[in-house]
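Read it with the model open beside you.

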Amino acid sequence: MQTSKRFSVAGCLQVTAIAGALTAMAMPVQAEQWRGWNIQPPGYPNTVALEGFAKEVAEKTEGRVEPKVYNSGVLGNQPDAIEQTRSGALDFANFNMGPMGPIVPATNVLSLPFIFNSVEDMYKVMDGEIGDRFADALAEKNLIALSWFGSGARSLYNTARPVETPEDVQGLKVRVMNNDLYVEMIDNLGGNATPMAYSDVYQALKTGVIDGAENNYPSYESSGHYEIAQYYSLTEHLILPECLCIAKSSWEDLSEEDQQIVRQAAENAAKKQRQLWAEGSKASREKIVSAGVEVNEVTDKAAFQEKMQPIYAEFVKQNPQLESLVTDIQAAQQ
Ligand code: GTR
């Protein structure tokens, strides 16, 4: 009696297990559809790298995560997209650290003009322990930075004249990204700073609402700003890292195995982006020069750097807790 009862319980369990397995086979685990924000157009180095990231993640997770990159800022401007990624409404993005400052104060250190001597130094710093400190600050605001992209050096361009000295900036209306530090930067050079979304700059240049802006070669070229503002002056005042960031909630929904896959894909994407950036930057420069843009070297960069000193002094005064980050970055480049 007892034996037969035990037998029948075991049998029942077996049947249940088989039924469960059949259901699992019939209904595969729901794939995570990830939406990714990208401000850049198709073909841009960052876009190609992000699309590679999406493909690698989909393949290696065998479809458990299916990221899709939305290009050309169609999902909104950068400050809004940062908020959406923080809340988990978007799953991943490539963000410039410039407009990140108002949300993650530590990243403002990266927006101090001339904080990096070269793109190579920026990579060296961000790939090391200092980069981890920025990743920690981002994580506190629900953004998981998995790798760092480059964005070259940003220089001033305008419709009026070559900028060779700070005096040449006098009176120019210059668009800046959404960050008070950039307003101070242009004001200290005697210009009038206008914070504005990237997508509005072309029209603003065309209608004369602004005289100029500042950006790297690939953005200056792909945005078409070079068609209107034909003086590009190599001030190279900002060398900003960008992150490949995942929304914290999307990250935490992943198994450990899938987190590993996503992290590796992000690192591969950064490698790709940096290589494509170097090539793309050269091609963009050639394109704008052959379109008639006058590119000028700025021989006395020290004159510009001097005008930025009050910004450093004020920054450290307002943010004493960030002073060591500033000095550590400077020391790492000695
Ligand atoms: C580009 C950068 C974008 C955006 C843009 C801008 O170089 O890659 O993320 O910040 O500049 O000027 O707004």
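A266 is found in helix α10, which spans residues 256-290. Helices here are DSSP runs of H or I with at least four residues, numbered from the N terminus. This is a predicted model: local features need pLDDT of at least 70, side-chain atom pairs count only at pLDDT 80 or more, and totals for chains, interfaces and linings use all residues. Residues are numbered from 1 along each chain as its sequence is written, and side-chain values use heavy atoms, with hydrogens and water left out.

**A266**
- A266 counts as buried because its relative accessibility is 0%. Buried means under 20% relative accessible area, exposed over 50%, and partly exposed in between (1.4 Å probe, protein chains only).
- Beyond its neighbours within four places in sequence, A266 is in contact with F53, L146, S147 and L244. Contact means heavy atoms within 4.5 Å.
- A266 and C245 are 21 residues apart along the chain, and their C-alpha atoms are separated by 8.9 Å.

**The disulfide**
- One disulfide turns up in a search of the whole structure. The term covers a pair of cysteine sulfur atoms within 2.5 Å.
- C243 and C245 form this link, with sulfur atoms 2.3 Å apart.
- The link of C243 and C245 is left-handed, at -120 degrees about the S-S bond.
- C243 is buried, at 0% relative accessibility. C245 is buried, at 0% relative accessibility.

**N46**
- N46 sits in helix α2 (residues 45-60).
- With 1% relative accessibility, N46 counts as buried.
- The N46 side chain makes a polar contact with the side chain of N94, at 2.9 Å. A polar contact is a pair of N or O atoms within 3.5 Å; within protein, one must be able to donate a hydrogen and the other to accept it, and residues adjacent in sequence count only if both atoms are side-chain atoms.
- Leaving aside neighbours within four places in sequence, the contacts of N46 include F149, E242 and W277.

**The two domains**
- The chain divides into domain 1 (32-151 + 241-283) and domain 2 (154-239 + 292-329). These bounds come from an automatic or database domain assignment.
- In domain 1, 35 residues are in contact with 31 residues of domain 2.
- One salt bridge is found across the interface of domain 1 and domain 2. The rule asks for a side-chain nitrogen of Lys or Arg within 4 Å of a carboxyl oxygen of Asp or Glu.
- R133 forms a salt bridge with D328, and their closest N and O atoms are 2.8 Å apart.

Technical notes. Helix = DSSP H or I, 4+ residues; strand = E, 2+ residues; numbered from the N terminus.
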